[in-house]
Amino acid sequence: MQIPEEYGGLGLSNTMYARLGEITSLDGSIAVTLAAHQAIGLKGILIAGTDEQKAKYLPKLASGEHIAAFCLTEPGSGSDAASIQTRATLSEDGKHFLLNGSKVWISNGGLASIFTVFARTEVVDKDGQVKDKITAFIVERDFGGVTHGKPEDKLGIRGSNTCEVHFENTKVPIENVIGEVGGGFKVAMNILNSGRFSMGSASAGMIKKLIEMTAEYALQESGKKLEENVYYFGNTVRGLLSRFGKTIVDEQLVLKRVADVVINLYAMTATISRASRSISIGLRNHDHEVLLTNIFCTEAYFKNNYTMAQLQKYAEENLDDCIKKAAKHVLEKRAYTCSHPLDRTF
């Protein structure tokens, strides 16, 4: 995707690639497979390769005919390039290196045809001392001596291939050195720094999706509450009609409670509908609307349940008879307080 058009790629800028990364990250396995190929696997060739290396490898990497992998991590080292033990020894004729060592946790390791591999090499300093320094290589599987282990049984991103990769006397031409001999540490850091940029956009895409899924789940809970209330309300109304018949029109306390439930059910339906629309059209504050909807529907749900319990004839919550008696006493005696014995001694 970021490979220049002259080599068959799309030539995307970092910004365009980041936006695309938000989309591909919705599937973790696809995101890792693409990132291992694009963001780090071939990135060394892209940012530090020679014109000849780019012309030879990038077209097939751009088309997908070849898959790339980034080989840095070893059993005794993670992304700390300075502590790797894989070694590349220069042949006597100086035309190639013999590569020996193992890499672990290599994404695309079982699929890749092209590997960016980091190994220790002997380098003569300006003062004449021989030192071990890291060198980056482009290694083709067809060079021979390249094998891989079985795919790791991972907890997540199981659709992404991750395995060990082993190199045994793999002959790597001198022209396949990326950058300069002994300059591999800098190449590794540049690749990782560039690759981590894409991880930020991928994480953003994942987080957006998780927020959306969480919001939808919250609405599902509110929807279940509404559905339960509607079912319970239907049964309650049938019971009231069976109990009162046409005289229900004279039962003002009952009708008031029925109206309260109907109003709450309508409001629950309206808020869920609005919040659902906010999610579907991608409003920035849809999570806030979902929160308000969830709070309202939860409160309305419990209010409806209590009200419908009051509508049951023999329920403890039903105080209709007491309310009617109190109202009758107020109307008959024209008072809403009772005389107290202390009144006589005041």
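Predicted model: local features only at pLDDT ≥ 70, side-chain atom pairs only at ≥ 80, totals over all residues.
Leaving aside its neighbours within four places in sequence, which residues is E74 in contact with? Residues are numbered from 1 along each chain as its sequence is written, and side-chain values use heavy atoms, with hydrogens and water left out.

**View 1. E74 and its contacts.** Beyond those neighbours, E74 touches I84, Q85, T86, S102, K103, V104 and F118 (contact: heavy atoms within 4.5 Å). E74 sits in the loop between β1 (68-71) and β2 (87-90); strands are DSSP runs of E, at least two residues, and helices are runs of H or I, at least four, numbered from the N terminus. E74 counts as buried because its relative accessibility is 6% (buried: under 20% relative accessible area; exposed: over 50%; partly exposed: in between; 1.4 Å probe, protein chains only).

**View 2. The largest pocket.** Its volume is about 450 Å³. Of its 18 lining residues, I40, F70, S107, L192 and M199 are the closest to the centre. A pocket is an open set of points on a 1 Å grid over the protein atoms alone, where a 1.4 Å probe fits, with protein on both sides within 12 Å along at least five of seven lines; lining residues have an atom within 4 Å of a point. The volume is the space filled by probe spheres set on the points, which are joined across faces, edges and corners. At least two lining residues come from each of α2 (28-41), β3 (96-107) and α5 (184-244).

**View 3. S273 on its helix.** S273 belongs to helix α6 (residues 252-280). With 48% relative accessibility, S273 counts as partly exposed. T293 is 20 residues from S273 in sequence, and their C-alpha atoms are 9.6 Å apart in space.
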